[in-house]
Amino acid sequence: MRKSLLSRIPTALLLLAVALLLSSCGWSLWDSPMTTVRPKSGFGRMTHEIFMLISWWTLGIGIVVEGALLWVCVHFREKPGQPIPKQVHGHTLLEVSWTIAFAVVLLIFAIPTIPVIFETQAAPPATSLRVDVSGRQWWWEFKYPDLKIVTANELHLPAGQTVAFNLHAPDVIHSFWMPQLGGKRDVVPGRVNRITLAPDEPGEYPGQCAEYCGMSHANMRFRVIVHSKTDFEKWVAGQQEPPVQPTDPLAQKGQELFSQSACVGCHTIAGVSGGVLGPNLTHFGSRKSMGANLMANTPGNLARWIENPGHMKPGVLMPDLGMRGEQPKALAAYLLSLK
Amino acid sequence: MATHAAYMTGTKKLTAGSVLWSWITTVDHKRIGQLYGVSAFFFFLVGGIEAVIMRLQLAHPDGTLVGAQRFNELFTMHGTTMVFLAIMPLGAAFFNYMIPLLIGARDVAFPRLNALSYWVFFSGALLLHLSFLVGAVPDGGWFGYANLTSAQFSPSHGIDFWMLGLQVLGISSLMAGFNFIVTIINMRAPGMTLMRMPLFVWMSFVVQFLVVLAFPAITVALILLMFDRLFGTLFFAPAGGADPLLWQHLFWIFGHPEVYILILPAMGIVSEVLPTFSRKPLFGAPVVIYSGIMIGFLGFGVWSHHMFSVGMGPVADAAFSISTMLIAVPTGVKILNWIGTLWGGRIYFASALYFSLGFIAMFTLGGLSGVMHASPPVDLQQTDSYFIVAHFHYVLFGGSIFGLFSGVYYWWPKIFGKLLDERLGKLHFWLMMIGFNVTFFPMHFLGLVGMPRRIYTYAPDLGWNFWNLIATIGALVIVLSFLVFIWNVITTTRSGAPAPADPWDGRTLEWTIPSPPPVYNFATVPVVHDRDDFWAQKYGDGHGTPPRKPVITPAADPASIHMPPPSYWPILLAGAFFVMMSGVLVSIYQVIVGGFLTLYCMVRFMLEYHHQTDVGPPAGGHH
C-alpha cells in the first residue's frame, strides 16, 4: 500500500509542475513590464528565437530523461523473491550513440547562435542616433551628443530608428539592461562598450542596472520612453530650449535657495549651475519619475527626497543639506517648474 | 560517542579534557573527516539562515526586514559560506573519511598534513566570521568583483576579512588536494588498479587536480587585490590604466572549475549509491570515469561564459559558447549511464537512493537550463537575472546538496555505527524535494520577467510579487526538512538500531570492516580482484566466477599495527598562521610576531619525529 502511494508522488509532482507552468502562462505572467519573452526590438527578437529553439529542445530532452528515470524507478523496483539481476557492465554501442546524439543536439543550438553573436555586435550604421550612457553609483546619465541634450534616468528614443549606445562608467562596473528591448551589456570603467538596437513601437519600458554595483544597486533603475518619430522630435525641441524662469513665488524662493546652496556644486541647470557629479536637472520638471525611477516625480516625494536622500536610496552620494520646513518644498516647486 | 574507546586504546582515562585534547591533536583521517563534517554542517545552517532572511526580505515588494547594506552582506556571506564553508568541506569530510576505506588503506599519505588542512580551514572560517563580531561584514558578493572591492569603493574592513579568509581557505584546500592525490596514487590496496578504483575515489581524484590547478588562480587574484587595498597598487584600478576585467578572468578561471569541485564529489557518491541499491554494477563505469576526467578538463576552458555581457567581442563569445556546450556532452552521458545502472536492476528504495534519484532529476534540470545560457545571445537576457539564480541552485542544491545528503544517509551507519531512521529520512527527502522546487522553480519565471539578482527590494508593479511569495514559502519548507533531519540524527544517536558491518549489501571495501571502523581500518590489508570486490566475494562476478570467500587471515593483534601518534603541531601551526593573517587587519607588529610564530611552528612540525630515527617515519604508519 505504502509503496504504491510513494510511487504516485513523483507523478503528482510532475503534474503539479506542469499545472504551475500552464497556469503561469494563463495568468499572463509573461506580460510583466520587464519581461524578456515579449521582445520589442529586432535585437530582442533574434535573441528570443534562439531562446525558444533551445527551450523546446531542452524541454523535450528533459521530459525524456525525467520520464525514463521515473519509469525505471517504477518498473524495476524490488519484488519479493526476485533473483539478483544480471550484472551488466555497459554497452559500447549505446554509449557511443548517446554521446553522438548529445553532440548533434548541441550543434543544433550552436549553428544559429554563432551568426547572431556577430550580428548583434556589428558596427552601428552611420545613420544611428548616438546615445552616450554613463552608469554611476546609483543613477544613469543619457547624453545625446548630436542633439546636445543630457537627461538622467529617463531615456527617450524614437521608434523604428537604430540607436547606437556607447556605454561607460566613471566609477564601478554596472550593466545596462532594458529587458523588453534587448540583452544587457556591462558598463565597465576604462572601456567603452556598445549596444545597437532599434525599438519597434512607442511605449514605456523599465530598465535596471543588472550588475551588482554596491549599496543601492537595487535602486539603480531607469525608464525608457519610446516615442513615435514626430513625438520624439517634439521632445527634442523641448529639451533644447533653455529652462523657463519660475513665476510662482514659492518656486522663485526655491530658485534662490538652489543657487545659494551646495546644490550647484553637483547639479547642472543650464544657465544656472554647472556641477557634474549629480544628475543634470535642466528639464527636471518634464521627467515622470525621480531618484532613478524609484518614485513618481511629485512635489511631496521630491521634498521628502531633499530632506533625507539616504532614507529613500541608501548610500546615495547626495548629502542631507539640512533643508527643513519650507525649504525642501520651495526647492521642489522650483525643480518641478523646470519643464 | 561510543567510538572514543576505540580511539583511546592504551591511553589514559576518559575525561572531558582528554576527549577534547584527543580531538584537537588527532591525525586519524576518520576523526578529521568528522571534524570537517560537523563544521560543514554548522556552516550549512549559518548559510541557510542567511538565505531564509533574504527570502523573507523578498517575500513582498518594498520589503523592510533588512536594509540594503545588510542584504548585500547576507548574499555575500551566503554565497561565500555555502561554497567554501559548507559544500566544499562536506565533500572534504567524505574524502577524509571514505577514501582510505574505499581504497583499502589505513590512513591518508600525510596524516599530520591532513590535520593541518583542517585547522587551517577552521582558522579561515573563523577569520571570515570574525567580521560579524567587528561589524564590518563583507559586502562585495562572493565573486568580489574589482573595482567595487577596491579601497576607494569599499573602504570598510569587510572586504579585507573576505580576501584574507579566502586566502587562508585556499591554502587549506591546496594542502588537502596534494595529500589526496598522493594518497590515491600511493596508498591503494594491492590489486586495486586505477580502473578498479571505486567511482567516488575517481571523482574525488579529479576534484583534487581541479583544486590544485584552480586555487592558485584565485590566490593570485586575491594577492593582487590585497596589494591594491593595502599598498595602493593599481592592478585593478581603471584610473591607473588597469582593466577591472582582469579580476573577472582570474576569478572565473578559478570559479568555473570550482563548480565542478562542488559537483564531482556528489557525482561520485551517486555512482556508489545507485549500484548498491539497484544491485548492479555501474553501467559503463569506464565511460563515467572518462567523462568525469573530461568534465574536469573542459571545466578550465569555459570560464568566460560568465562574462558574455562584459564586451569580449564576438570571436571570444563564440569560442566560449562552443566550449561551454561541449561540456554538456560528458555530463549528459553520465546522466544516461546512471539511468542505465538502474535499468534492469532490483531497486531497493532506501533514503540514500531517494537522494541520489533526487540528484539525477534536479541536476538534469539544472544542466538543461545551463545549456540555455551557453548561447551568448540568450545569456545576455538571462545573466544576472533570477533565471541564473534558479539554474545554479538546481546544480548546487539540487545537485551537490542532494548528492551529499545521499552520501550522508549511505555512509552514516558506517561512520557512526547507528542506522538513521528510514521513515524520517524519506520524510526529509520529500520535504526537501518539494521545498526546493517550490523555492527555485519560480525563479526561472522571475528571471524571464526581468527580476535582476542581488536586489534587496523591488517595485510592486512589475508582476514579481506572487512568485516571490511562493519562493519564500518554499524556503520555509526546506527549513522544515532540515529540522526533520536534525531530529532524525538526535533520536537515532540516542536510541537508533546499531548498524551491522554491511547494512546495504554493499559492493566496496568499506563494508568489509566493522561499523564504525577500528582506528586502523583494516586488520589485514585487503587484496583486490575486482571493481566491486566485496560484491564479487559475496556473489561472484556474475559472469561464471563463483563467490570468493575472503581468505581469513588471523586478524593481526591491533597493538602491533603502528598508527601515527597524535600531534598538537597542526593546530599550533594553524593558530600561528591565523595570528599572522589577522594581523593584517590589526597591526604590522602582529603580522611580524605571527610570521615568526608560523616559521617556528613550521620548523617544529617538520622536525617533530626527526629524533626518532630508530622507529622510522611514523607518518607512513600503515604496514
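Contact here means that heavy atoms lie within 4.5 Å. The structure is a predicted model, in which local features need pLDDT of at least 70 and side-chain atom pairs count only at pLDDT 80 or more, while totals for chains, interfaces and linings use all residues. Residues are numbered from 1 along each chain as its sequence is written, chains are lettered from A and ligands numbered from 1 in the order in which they are written, and side-chain values use heavy atoms, with hydrogens and water left out.

Helices (H or I, at least four residues) and strands (E, at least two) are DSSP runs, numbered from the N terminus. B:Ser131 belongs to helix 5 (residues 111-134) of chain B. Apart from neighbours within four places in sequence, B:Ser131 is in contact with B:Ala136, B:Val137, B:Pro138 and B:Phe161. Buried means under 20% relative accessible area, exposed means over 50%, and partly exposed is in between (1.4 Å probe, protein chains only). With a relative accessible area of 0%, B:Ser131 is buried.

B:Asn72, in helix 4 (residues 68-102) of chain B, is also buried, at 1%. Leaving out residues up to four places away in sequence, B:Asn72 touches A:Tyr212, A:Gly214, A:Met215, B:Pro138 and B:Asp139. A polar atom of the B:Asn72 side chain lies 3.2 Å from the backbone oxygen of A:Met215. From C-alpha to C-alpha, B:Asn72 and B:Val137 are 9.4 Å apart in space, and 65 residues separate them in sequence.

B:Tyr609 is found in the segment after helix 18 of chain B and is buried, with a relative accessible area of 16%.

**Two helix pairs**

Two packed helices are described by the angle between their axes and the distance between the axes. Axes are lines fitted to C-alpha atoms, for helices over the stretch in contact, and angles run from 0 to 180 degrees between N-to-C directions. Angles under 35 degrees count as roughly parallel, over 145 as roughly antiparallel, 65 to 115 as roughly perpendicular and the rest as oblique.

| Helix pair | Axes come within | Crossing angle |
|---|---|---|
| helix 17 (residues 569-583) of chain B and helix 18 (residues 588-607) of chain B | 7 Å | roughly 160° |
| helix 2 (residues 42-75) of chain A and helix 11 (residues 351-372) of chain B | 9 Å | roughly 170° |

Helix 2 of chain A is therefore roughly antiparallel to helix 11 of chain B. Their contact includes A:Phe51 and A:Glu66 of helix 2 of chain A, and B:Leu357 and B:Thr364 of helix 11 of chain B. For the sorting of residues, Ala, Val, Leu, Ile, Met, Phe, Trp, Tyr, Cys and Pro count as nonpolar, Asp, Glu, Lys and Arg as charged, and the others, Gly among them, as polar. The residues of this contact divide into 13 nonpolar, 4 polar and 1 charged.

Helix 17 of chain B is likewise roughly antiparallel to helix 18 of chain B. Among the residues that meet are B:Trp569 and B:Phe577 in helix 17 of chain B, and B:Tyr600 and B:Arg604 in helix 18 of chain B. This contact has 14 nonpolar, 6 polar and 1 charged residues.

**Backbone features**

A cis peptide bond, with omega about -10°, joins A:Gln137 and A:Trp138. A:Trp138 sits in the loop between strand 1 (129-136) and strand 2 (139-144) of chain A. The bond from B:Ser515 to B:Pro516 is cis, with omega near -10°.

A:Lys148 has phi near 60°, a positive value in a residue other than glycine, and is exposed at 70% relative accessibility. A:Asn153 has phi near 60°, but is buried at 9%.

How values were computed
A polar contact is a pair of N or O atoms within 3.5 Å; within protein, one must be able to donate a hydrogen and the other to accept it, and residues adjacent in sequence count only if both atoms are side-chain atoms.
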